[in-house]
Every structure is written in C-alpha cells, then in structure tokens.
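Have the viewer open as you read.

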Amino acid sequence: MQTLNYEFPADGLSGRRAHVGVVGSGDLEVLMTPEPTGVARVRVRTSVDGFDTVWRTVLERFFARHGVAGSFELNDSGATPGVVTLRLRQAVEEGRA
C-alpha cells in the first residue's frame, strides 16, 4: 500500500461534497470536499506501488483542465488512467449538481 500526496493550483469551486466509485479490482473511489483555498489537495492511497509518475501526470492533466479547488481522497485498487480521469470528472460533476 502506498500513499501519495499532491497539490495543484485551482480556481474553480464545487458546490458540495461528492462520493463516486468503489474500492474494488480495477476501480477507484473518489471523495471530494470543496474548499475555497485556491488549491486542489489530492491524497492517493493505492494498492499498486511504483506508479508515482503516472499518477502525477494524470492528475496534472486533470487539474490543468478542470482546476477545482478542494480536498480529494482517491482510494485505488489498480484503476487505469482512463478510470481515474472518469471518476474525477464524475466527482466534479456531482459536486456541481
């Protein structure tokens, strides 16, 4: 089990908390808490070690495009980069609904 922590500049706000996905084989759970900090703080807990660079790249791309400020908890069980992006987009959309 590995825990990774990242911060990205963010200027967008989400209206409310969101919870999407599940911790299961090949999937990802995302818990998002909006914060008016101008920063997206991301904590990744993953069962797969050694993918720090991949995580950073996927998250940098997502927050460069969406820039939502808040606290993000990602609980991973081997999700692909596509699933990571999908779950993050779902969390942001749910938070804005």
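## Ground rules

Buried means under 20% relative accessible area, exposed over 50%, and partly exposed in between (1.4 Å probe, protein chains only). By that rule phenylalanine 8 and phenylalanine 63 are both buried.

This is a predicted model, where local features need pLDDT of at least 70, side-chain atom pairs count only at pLDDT 80 or more, and totals for chains, interfaces and linings use all residues. Residues are numbered from 1 along each chain as its sequence is written, and side-chain values use heavy atoms, with hydrogens and water left out.

## The aromatic cluster

Rings of Phe, Tyr and Trp (its six-membered ring) pair if their centres lie within 6.5 Å; planes under 30 degrees apart count as stacked, over 60 as edge-to-face and the rest as tilted. The count by this rule is four aromatic pairs. One of them joins tyrosine 6 to phenylalanine 8, stacked at 6.1 Å centre to centre with 25° between the planes. Tyrosine 6 has 7% relative accessibility, so it counts as buried.

Phenylalanine 8 also stacks with phenylalanine 63, because their ring centres are 5.4 Å apart and their planes at 10°. Phenylalanine 8 sits in strand E1 (residues 2-9) and phenylalanine 63 in helix H1 (residues 52-66), so this pair ties together parts that are 55 residues apart in sequence. Helices (H or I, at least four residues) and strands (E, at least two) are DSSP runs, numbered from the N terminus. Tyr6, Phe8, Phe62, Phe63 and Phe72 make up one aromatic cluster.

## Asparagine 75

Strand E5 (residues 70-76) holds asparagine 75, which counts as buried because its relative accessibility is 14%. Contact here means heavy atoms within 4.5 Å. Leaving out residues up to four places away in sequence, asparagine 75 touches Val23, Asp27, Leu28, Glu29, Leu31 and Arg45.
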